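Colleague: Can we go through the charged pairs in this one? Start with the terms, please.
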Amino acid sequence: MKISRQFTVFGSAIFCVVVFSLYLMLDHLQLDRIKNPINEERLQNGQLVILQDKIDHLERLLAENNKIIANIRDSVTNLRKSVNNDKGPLEAKNLSQGLVDLLPFAPIWVLIPSEDCQFSAQTYSKAADEVQMLDVYDMLSFDNPDGGVWKQGFDISYEENEWDQEPLQVVVVPHSHNDPGWLKTFDDYYRDQTQHILNNMVVKLHEDERRKMIWSEISYFSKWWNNIDIQKKDAVKKLIERGQLEMATGGWVMPDEANTHYFALIDQLLEGHQWLERNLGVKPKTAWAVDPFGHSPTQAYLFKQAGLSNMLIQRVHYSIKKHFATQKTLEFFWRQNWDQESSTDILCHMMPFYSYDVPHTCGPDPKICCQFDFKRLPGGRISCPWRIPPQVITSDNVQQRAHMLLDQYRKKSKLFMSKVVLAPLGDDFRYTDAQEWDQQFNNYQKLFDYMNSHPELNVQAQFGTISDYFEILRKVTGMDQAGMNKGVSPFPVLSGDFFTYADRDDHYWSGYFTSRPFYKRMDRMLESHLRAAEILYSLTLANIKMFGKPSNYPAVENYKLLTEARRNLGLFQHHDAITGTGKDWVVVDYGTRYIAFLLPLPVVVHCCRTILVSGDIENEWQLRFLVSFPMNVFIMPSFRSVVVYNPIEQARSSVISIYVTTPHIRVLTAQGRPVIAQITAVWEHFTQASTEVSFVAHVPPLGLAVYQMSEGVELHTELAHYMFLKKGGHVSVTGAEQFRVAIPQETVPVSVENPHLQLFVSSTTGLLETLKLKENGLKHSIKVDFVWYGTTSNKDKSGAYLFLPDGEAKKYSPSRPPVIRVTKGPVFSEVTTTFTHITHTLRLYNIQGVDGQAVEICNTVDIRGEFNQEIAMRITSDINSMNRFFTDLNGFQVQPRRTMSKLPLQANFYPMTSMAYLEDSNRRLTLLTAQSLGAASLKSGQLEVIMDRRLNQDDNRGLGQGVLDNKITANSFRLLLEPRNSAQEAALILHRKGFDCGFSSRNTGLLCSTTRGKVILFRQSYNTFTPVSLSLMYESSSTPKHQEISLKPMEICTYRIQLG
């Protein structure tokens, strides 16, 4: 009944529009007669004829609208029957305004305000006291002289009276670093160690209120929390209230900062923080990152945005640590490159020594510090490598031992600006048993009591949390105690990142940027599927809340599935997971978790899609949801429906490929209009294994589109054409009789093209040689090659963490000539080259937008039979990039890089999470990646990406194995060449005339007014304007105010304008 009323209103609206249009036309005719009475008779007949034609046209439009309304009414009737008969999801409804044509629209020029374009032109922030890491790299020699007891540093001395005026304050922070998977799986670590650490923590901290502890990994803490009783939970809350237990960072894990995407970083941080707030009422203040292998400013920014005030980092290149220590700048405000003010500043403490274990945290001499790790007492499971064991503190030795420890604290304090020393006390999986708690806390308390009871020592030592340390630091330096504001700061400002990390010699940790690429690709897939499912879930809940239907949607069950998937995604962001640096069985455990929680996501998506697409038609709520979408839907009972979902905030036109059982396929929109489609063979070597259909789907932002497929002959569906080539050999193709296949016996040129690009490929190697931009007709030399890296013959070799090559890369030379397959069709064209270890595909899509302007590259890599080899793709162009290139950080920001000859080859590789690019004054060449990998630009105009690594030995960083569990991995990229917009300049010459107003100005034909010599320029029309001399030779010292120019009578002014 309500639908019928809607049709009536719709028809009435059309009638009103027609009547109003007739009125306007008659009124126009009447006005025309008044203005031109002489021509009235002559024009009357012609105007009537025109009016009659318009009325006839309107009648035709009304008839067509009546047909449309009838179709809608019939469709709704059929939809109601379909829902009532419980026929399942709606088979034909398109929530898109997409068109049928393959290239449906001309290139669109979007007007972007000029101020939005100035971001990339601004220089990186450089305050007077700022340290820019690019400058630091230029400055350092990166030598490694023997520093004495502090091997990577220098000798430290002090005067006894330095603390007479201001005593030294020492904060010892007990901690246990618990990897959520590394040498054991997450569950095994929890069962064997983590739960015992937390159980003992509750008991031992309650024994003495002076004891403190910090915890970081909420993935473990939440699992433990779910298994303890209410009394123990209350005890934990009391420890937090008394400040004895601090949740540092509060993320689900301590994530890697090189391979992780910022979406996943936010997810794991959000999951941990929300858990803490719900269960403990805790809001973390300080971040603790002692084990990620290098540090990204993206993570610092996310901490700042999450409300944290301080942070600590550890794994930084030893030469940088030494340099900062000499300058006493190990504590600084970390600022983002783009920040011109100080809104992103976060106070950061860099640990100065080799590691975060006890031998490297009390001071510069690990031989002495190890004697104060009381877990290493004689008779224990571990001992000091320097063969001088700790001693139990007694009244007989407390004086000597306290002075020995205080000496280390004092020396460490000399590396910092303040007289506050941080001394972490812990290591991996520490405090597992009650004995260790007693050994550490009792012996240290005796040392503290002695130090604090002797004023002549001028020291105050205590246990504390990491936030306790920063509170004392801010107090003694006169900074704001509230946390977020910098206040008056004695510390410098730093911008940049801390990659690539080296812990000693030439041991650069650039190998893990690529290790286990199969799982890095899986991570990105789960991330995208999860994000899409979460958005659909939110849209579904919003619509149910708005319209109250349906009541049986399993919101709670779907939320639990999403939460488990999010937590497993968060778990894989751990710095020994996504990095590929875990034991084989641990990696398998991560993969099993991924698959277990990836599979339920389609259930959530299907459930949401059913609600959003079919819904409750009888009660009309779904029609209101679809009010902005076309409703002339035709039902095709014999068709299979394909629902395409766009989870991003921009409209997309993308190629969809689906396996089918027959080459005779029709593809229609939900309105029944045919879609151009391409039938392609799916090849197994040189035999057709199956068939797929590809078409362009147009989907609105955050929208759904439904396409229909059925078996049948369709003029808009075309079979792809094939050509096979092999140098000096015969190619036998079978199983593809329905396709047109050419196998030329002579060498023929190979190229593929679309409306934007043309690729010229070697007919011998099947690799790209030249790219032509059709926009300007210019050809550019862009060559793709593959290269091998071996490992050094030295004692220390490449492993899961380290990249230690045996020199420059060697060109990949397959044992037999490759087979080249050229595919051409209306939707896409491609060249696939099959080598021994790589199947390499270059594909062009016949589509508008970036998808059509980029070359899709897919490299399926299989090096399972190799020994100590790493394979890389090298792209060589004629771009004059010199020694500069750019990589992204976490898919969030771009960091400039410089290739430095003073560094070893492996030091010039950096993490590439989503992109890397080269540029000169004319062009930019960007490589976008679907998985995080290691990248470099070792020569001008060159980009290199390591795609997989097979290494037969451990690299002595604790893993205890090589990387031999390689899988066939498809690395996916997009290559985009963009010409730079040339800055067009113009000269603006203005002349203000002088007027004599003593005479009449009537009937002069001048229809303008004066502006008192003021001219306003529209900011959107230019980038800059500069006052210059008349002939543009000299620049003026005067600067116009804003966009307003003021001239005196008879004055001529000239401006040089750079057009936008």
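Modeller: Buried means under 20% relative accessible area, exposed over 50%, and partly exposed in between (1.4 Å probe, protein chains only). This is a predicted model, where local features need pLDDT of at least 70, side-chain atom pairs count only at pLDDT 80 or more, and totals for chains, interfaces and linings use all residues. Residues are numbered from 1 along each chain as its sequence is written, and side-chain values use heavy atoms, with hydrogens and water left out.

Colleague: Is D497 buried or exposed?
Modeller: D497 is buried, at 4% relative accessibility.

Colleague: What does D497 pair with?
Modeller: R897, in a salt bridge (a side-chain nitrogen of Lys or Arg within 4 Å of a carboxyl oxygen of Asp or Glu). The N to O distance is 2.8 Å. D497 sits in the loop between strand 11 (493-495) and strand 12 (502-504), and R897 in strand 34, 400 residues apart. Strands (E, at least two residues) and helices (H or I, at least four) are DSSP runs, numbered from the N terminus. R897 is buried too, at 3%.

Colleague: How many salt bridges in the whole structure?
Modeller: The search finds 46. One of the pairs is D138 with R898, at 2.5 Å, N to O. D138 is in helix 3 (residues 133-139) and R898 in strand 34 (residues 893-898), so this pair ties together parts 760 residues apart in sequence. D138 is partly exposed, at 42%.

Colleague: Switching topic. Which residues form a network of salt bridges?
Modeller: E271, R531, E534, R566 and R567 are linked that way.

Colleague: And what about E714, which partner does it have?
Modeller: R666, with the closest N and O atoms 3.2 Å apart. E714 is buried at 14%, while R666 is partly exposed at 27%.
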